[in-house]
Amino acid sequence: MKKQNFCNYVIALFLVLLIGCNKEDGNNNVPRTVKFMVISDIHYFAPSLFSLPANANLQSLLTADRKLLLESRAILQNVLADVLVEKPDFLLVTGDLTKDGEKVDHQAVATLFKTLTDKGIQVLVVPGNHDIDNPAASGFVGSSQTSVANISAVDFASIYANCGYANAIERDTASLSYLSEPVNGVWVLGIDACHYFPLRESAGSISEHTLSWVKSVIAQAKVQNKILLTMMHHGMVEHFAGEGSLFPDYLISDWANISTSLADMGMNVVFTGHFHAQDIVKKSGAAGFIYDVETGSTVTSPCPYRIVTLNTVDNTLKIESRYIDNVTFSTIPAGTSFQQYAKDYLSVGMKTLAGNMLTGSPHNLSQTTISYYGLDRILANALMAHYAGDESPTVVDNSDIQTVAGVVPTLAFVTQSIWTDLPPADNNITINLNTGVAMAN
């Protein structure tokens, strides 16, 4: 009996040690693995704010846009169902939660997020350029377009109190930036770089006060041996050559200096959105590096989201891309998959946007020239490839680039730049946060 009892004791002790090794670091109670997910630019548009068929004002908006606004609720419900299946420790939402900051939309999004928090899945959000003090907040019921209530920064923190703000370790006094510790030993720094006072705009910047606060958080993370993950809406690093000049509103002001400074201090990864593209780039400084992991929009083809596994022992991030599908809505034809519908929808919308870009400054091309050479189609194809990530032009695409070069040399640079996928891989990758080395999964 004594021998049997001893054997049972040894077996029990072994199981306890085994569970401990798999779950937590015995020294500081940090889980060995942390799983989280990332979604961005969900642009929720409440069904109560529009009626179908769309009136002329709403149809005009949809024609000139690339977002699946009418389908946004069904899409968000679909992706949140996936989150419930995956059971991550937390979900990061990197801004643009609503169509145009409508209060009704924010309240609905917060209610949907509660379905996750009620199940023990934490949700952490930051605002995007569409979300606060937006004068474009509108409803399109019947034949009219009417202004509806939007929200202030104070409202945002209140509505999303259970999505980072109420349980923040620290709050920046000059913005909606905050620090959270969703899992022992892992800090999430949410940076608010949006411009919403005194005038809301698409551009973003980190104020001097907020930047000082961010640097203090990085320093604290080092002292306390915390793993630091950062998220914000605007990009911190160029995702293709010339983005800062071609699309300046999609990067924070002074991005080159700020990203280098924060990289050298020890900010190794930031999760961003805004451009609706699935893209990852690395920026190196004199003493450090930073990866800008941009996640595409749930309402823009290919409608992606990310699943990330953090190994706290070797400090690696395994990033995987997934794509929303099986969405049903009255606008989606029977027999057409959601992914095909989303791609077709983007193709039409992006061609319109590309045409508008080409007729405006600095290209100022005539519609005749654009149509004759198919320049809107060529630019749209490049942008769609960038949205999907891991761009690789075909023979036809390279021929299109040469066509552009012969007609508008300055546009050829733009097209080639967008097609050129800067390293590393964009969709499935493992990043070592100690060494800065990244390898495709």
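## Basis of the values

Residues are numbered from 1 along each chain as its sequence is written, and side-chain values use heavy atoms, with hydrogens and water left out. Since the model is predicted, local features need pLDDT of at least 70 and side-chain atom pairs count only at pLDDT 80 or more, while totals for chains, interfaces and linings use all residues.

## Helix H4

Helices (H or I, at least four residues) and strands (E, at least two) are DSSP runs, numbered from the N terminus. Helix H4 covers residues 103-117, 15 residues in all. From its first C-alpha to its last, H4 reaches 21 Å, close to the 21 Å expected at 1.5 Å a residue; the expected span is 1.5 Å times one less than the number of residues.

Residues are classed by relative accessible area (buried under 20%, exposed over 50%, partly exposed in between; 1.4 Å probe, protein chains only). In H4 the buried residues are Asp 105, His 106, Ala 108, Val 109, Ala 110, Leu 112, Phe 113 and Leu 116. These buried residues pack against helix H3 (72-86), strand S2 (90-94), strand S3 (122-126) and helix H5 (153-159), where contact means heavy atoms within 4.5 Å.

A pocket is an open set of points on a 1 Å grid over the protein atoms alone, where a 1.4 Å probe fits, with protein on both sides within 12 Å along at least five of seven lines; lining residues have an atom within 4 Å of a point. The largest pocket holds about 650 Å³ of space, the volume being the space filled by probe spheres set on the points, which are joined across faces, edges and corners. Its lining has 31 residues, and Arg 66, Phe 247, Tyr 250, Leu 353 and Met 357 lie nearest the centre. At least two lining residues come from each of helix H9 (338-359), helix H11 (375-388) and helix H13 (409-419). The lining comprises 15 nonpolar, nine polar and seven charged residues (nonpolar: Ala, Val, Leu, Ile, Met, Phe, Trp, Tyr, Cys and Pro; charged: Asp, Glu, Lys and Arg; polar: the others, Gly among them).

The second largest pocket holds about 500 Å³. Of its 25 lining residues, Asn 225, Lys 226, Ile 227, Leu 228 and Asn 315 are closest to the centre. The lining divides into eleven nonpolar, nine polar and five charged residues.

## Salt bridges

With a salt bridge taken as a side-chain nitrogen of Lys or Arg within 4 Å of a carboxyl oxygen of Asp or Glu, the count comes to eight. Lys 67 pairs with Asp 65, their closest N and O atoms being 3.1 Å apart. Lys 67 is buried at 8% relative accessibility, and Asp 65 is buried at 10%. Lys 114 and Asp 118 meet at 3.0 Å, N to O; Lys 114 is partly exposed at 45%, whereas Asp 118 is exposed at 54%.

Arg 377 and Asp 400 also form a salt bridge, at 3.1 Å. This pair links distant parts of the chain, with Arg 377 in helix H11 and Asp 400 in helix H12 (residues 395-407), 23 residues apart. Arg 377 is partly exposed at 34%, and Asp 400 is buried at 10%.

## Pro 393

Pro 393 lies in the loop between H11 and H12 and is partly exposed, at 28% relative accessible area. Not counting residues up to four places away in sequence, Pro 393 touches Asn 398 and Trp 419. The C-alpha atoms of Pro 393 and Gln 416 are separated by 9.5 Å, the two residues being 23 residues apart along the chain.
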